[in-house]
Amino acid sequence: MKKQQLATLILRVVFGLMFLIHGIAKFQGGISNTVGYFEFLGLPGSLAYAIAIIELVGGALLVVGLGTRVISGLFAVIMLGAIFSAKLSFGLLGDGVSAGYELELVYLAIGIYFVLVNPINLSLDEKLAQKNK
């Protein structure tokens with residue numbers, strides 16, 4: 001395995017773990033809190049369930065490398081939504097009380113990266129691609 005492949009593997013696993021943990025936290029903290037926050041932002045409360053499930057299931061799938069491009073694309077869209085619906089008014093670095101959108105911007109960039117990059121070693125995506133050849 002080349003250094004770039006190893007670095008991409010590490011990035012994919014950590015990226016997936018972060019979303020998996022965020023999805024778990026949404027359910028453990030009581031999804032009703034997230035539903036209420038979405039409604040406060042003017043978004044449908046039911047969207048909180050969809051986001052939490054995508055984070056939970058998508059994060060786990062990214063860890064094993066299955067559906068990497070699709071899941072990463074969904075995560076990128078979610079980050080765009082988070083930036084424009086919840087974080088933009090706080091600025092890039094926040095307002096001293098609330099966090100800004102710097103983390104969401106990094107996650108957006110990583111999501112775009114995985115949409116564009118080829119499947120790598122140690123992923124189910126790669127194994128499936130090899131099987132179909």
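This is a predicted model: local features need pLDDT of at least 70, side-chain atom pairs count only at pLDDT 80 or more; totals for chains, interfaces and linings use all residues.
Two salt bridges were counted. In one, Lys-26 pairs with Glu-55, and the closest N and O atoms are 2.8 Å apart. Lys-26 belongs to helix α1 (residues 3-28) and Glu-55 to helix α3, so this pair ties together parts that lie 29 residues apart in sequence. Lys-26 has a relative accessible area of 16% and is therefore buried. Glu-55 also counts as buried, because its relative accessibility is 4%.

A salt bridge is also formed by the side chains of Lys-87 and Glu-104, with an N to O distance of 3.3 Å. This pair links distant parts of the chain, 17 residues apart: Lys-87 is in helix α4 (residues 68-87) and Glu-104 is in helix α5 (residues 102-116). Lys-87 counts as buried at 18% relative accessibility, and Glu-104 counts as buried at 12%.

Asp-125, located in helix α6 (residues 124-131), is buried but has no salt bridge. The nearest side chain of opposite charge is that of Arg-12, at 6.7 Å. The side chain of Asp-125 does make a polar contact of 2.6 Å with the side chain of Thr-68.

Tyr-49 is found in helix α3 and counts as partly exposed because its relative accessibility is 40%.

Definitions and conventions. Residues are numbered from 1 along each chain as its sequence is written. Side-chain values use heavy atoms; hydrogens and water are left out. Helices (H or I, at least four residues) and strands (E, at least two) are DSSP runs, numbered from the N terminus. Buried means under 20% relative accessible area, exposed over 50%, partly exposed in between (1.4 Å probe, protein chains only). Lys and Arg count as positive and Asp and Glu as negative; His and the chain ends are not counted. A salt bridge is a side-chain nitrogen of Lys or Arg within 4 Å of a carboxyl oxygen of Asp or Glu. A polar contact is a pair of N or O atoms within 3.5 Å; within protein, one must be able to donate a hydrogen and the other to accept it, and residues adjacent in sequence count only if both atoms are side-chain atoms.
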